[in-house]
Amino acid sequence: MQISSDDFQHGQPIGVDFALGAADGFGGNRNPQLSWRDAPAGTRSFALLCIDTDAPTDAALVGAPGVEIPVEHPRGDFIHWVMVDIPADVGDIATGSCSNGVDARGKRAPAGPAGARQGLNDYTGWFAGNADMAGDWFGYDGPYPPANDLRGHRYFFRVFALDVASLGVGDRFTGGDALRAMQGHVLAEAATWGSYSLHAAA
């Protein structure tokens, strides 16, 4: 199975049009186009995740005055998008069809392929203490790496071919919930990634 995007090349930078954060505020926050093919026989649905694998593990360093987060700082995952129950006959998501702009406090009912369900991304927890931004952040919200991070961030778009039509997760599911529910049901996986940074030296 293979996945690709018309909006960025594998291993190359993602444009600000697809990012939540920009050098001067917010980016376009549009979901990039994605297409996948060559799913194995027996595929009954797909799941899709976008994961930043370079998120700093110490939130206190993010935006701290006079601090630059070193490249060697320990990193963890930050989930930007999780979608499950994508019908087996779907193999393409158009640019901006699921996210097109910034919704303060998160999207209530993000658009997507008929029958698919989108879960909470990790901005839900990140913005929980922010009176202007706190809310349930469903669907896609793009890159917003710390401007003081010396490490460029990689965003992995992963698609899974599953042997079940529905994962049966609840209404407020997370990427972690989806990954756990997939155990034992993955027939194939494909991934592509792009990079993004707000630090001039990264």
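Residues are numbered from 1 along each chain as its sequence is written, and side-chain values use heavy atoms, with hydrogens and water left out. Because the model is predicted, local features need pLDDT of at least 70 and side-chain atom pairs count only at pLDDT 80 or more, whereas totals for chains, interfaces and linings use all residues.

Helices (H or I, at least four residues) and strands (E, at least two) are DSSP runs numbered from the N terminus, and two strands are taken to pair if DSSP finds at least two bridges between them. On this basis, five strands form an open sheet in the order 8-6-5-9-10, with antiparallel pairing, and its edge strands, strand 8 and strand 10, each pair on one side only. Strand 6 (residues 75-87) is joined to strand 5 (residues 45-56) by nine bridges, with P56 opposite R75 of strand 6, and to strand 8 (residues 117-118) by two bridges, with M83 opposite Q118 of strand 8. Strand 9 and strand 10 pair over 10 bridges, and R158 has A191 in strand 10 as its bridge partner.

Burial (under 20% relative accessible area, with exposed over 50% and partly exposed in between, for a 1.4 Å probe and protein chains only) applies to 10 of the 13 residues of strand 6, so this strand is largely enclosed by the rest of the structure. A nonpolar core is a set of buried Ala, Val, Leu, Ile, Met, Phe, Trp, Tyr and Cys residues joined through side-chain atoms within 4.5 Å. The largest such core has 25 residues, of which W36, L48, W81 and F157 touch the most other members; strand 9 gives the most to this core, with four residues. A second, separate core of 14 residues includes I51, I79, V84 and V164.

A pocket is an open set of points on a 1 Å grid over the protein atoms alone, where a 1.4 Å probe fits, with protein on both sides within 12 Å along at least five of seven lines, and its lining residues have an atom within 4 Å of a point. The largest pocket is lined by 22 residues, with V62, W126, Y144, P145 and P146 lying nearest its centre. Strand 5, strand 6, helix 1 (123-126) and strand 9 (153-162) are the elements that give two or more residues to this lining, and strand 6 gives the most, with four residues.
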